[in-house]
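The following exercises concern a ligand and the protein residues around it. Each task is followed by a solution in steps.

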Amino acid sequence: MESNDMITLFKEGMQAMRMNYYPPCPQPEQVIGLTPHSDAVGITILLQLNEVEGLQIKKDGIWIPIKPLPNAFIVNIGDILEIVTNGQYKSIEHRAIVNSEKERLSIATFLSPNLDGDLGPAPSLITPDTPPKFKRVSVVDFSKDLFSKELNRKTFIERYYI
Ligand SMILES: O=C(O)CCC(=O)C(=O)O
Ligand SMILES: [Fe+2]
């Protein structure tokens, strides 16, 4: 892929942050901390603040716990990177569960494109043998669309499949 395709999209892009606080729950199997979803961004850089397990990713249909490592970031691929790479990188479905005794804290930083242009598979990746797998959409419309939807597995990116 040509680096310019990535630069055009992410230069002076948006960065958002979310702090998540999960209080302890005596019946953790009855609740969910954060419902299964993929992040509708380029990449997410995540810090698990207090080394309490809770984050899980879905791999081959199975939920895998991600052990917090002290002072380590987790980098997750988001829907926008899946679109830009025309599906070569897949956004990761994840969720957070809660602990019966301990509170848990995480901080997520979301990196997204600037609002100027369009979002779609990088032109340098499209050939007669590798046609686009995603529709093109303006970043503004994509963002508006996103904020009108709930977090629900990978249903958001599925709306852009060709
Ligand atoms: O708390 C976590 O580890 C996950 C947070 C998350 O997925 C998010 O904020 O989008
Ligand atoms: Fe997330």
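**Exercise 1. Determine where ligand 1 sits.**

Solution. Ligand 1 sits in the largest cavity. A cavity is a set of points, on a 1 Å grid over the protein atoms alone, where a 1.4 Å probe fits but cannot get out; a molecule sits in it if more than half of its atoms lie within 2 Å of its grid points. The model is predicted, local features need pLDDT of at least 70, and side-chain atom pairs count only at pLDDT 80 or more, whereas totals for chains, interfaces and linings use all residues. Residues are numbered from 1 along each chain as its sequence is written, ligands are numbered from 1 in the order in which they are written, and side-chain values use heavy atoms, without hydrogens and water.

**Exercise 2. Identify the element that gives the largest share of the shell around ligand 1.**

Solution. First, strands E1 (14-22), E2 (34-37) and E8 (104-112) each give two or more residues to this shell; strands are DSSP runs (E, at least two residues) numbered from the N terminus. Next, E8 provides the largest share, four residues.

**Exercise 3. Find the polar side-chain atoms close to oxygen atoms of ligand 1, with their distances.**

Solution. A polar contact is a pair of N or O atoms within 3.5 Å. Arg 18 places a polar side-chain atom 2.7 Å from a ligand 1 oxygen. For Arg 104 the distance is 2.8 Å, and for Ser 106 it is 2.7 Å.

Conventions
A polar contact is a pair of N or O atoms within 3.5 Å; within protein, one must be able to donate a hydrogen and the other to accept it, and residues adjacent in sequence count only if both atoms are side-chain atoms. On a 1 Å grid over the protein atoms alone, a cavity is a set of points where a 1.4 Å probe fits but cannot get out, and a pocket is an open set with protein on both sides within 12 Å along at least five of seven lines; lining residues have an atom within 4 Å of a point.
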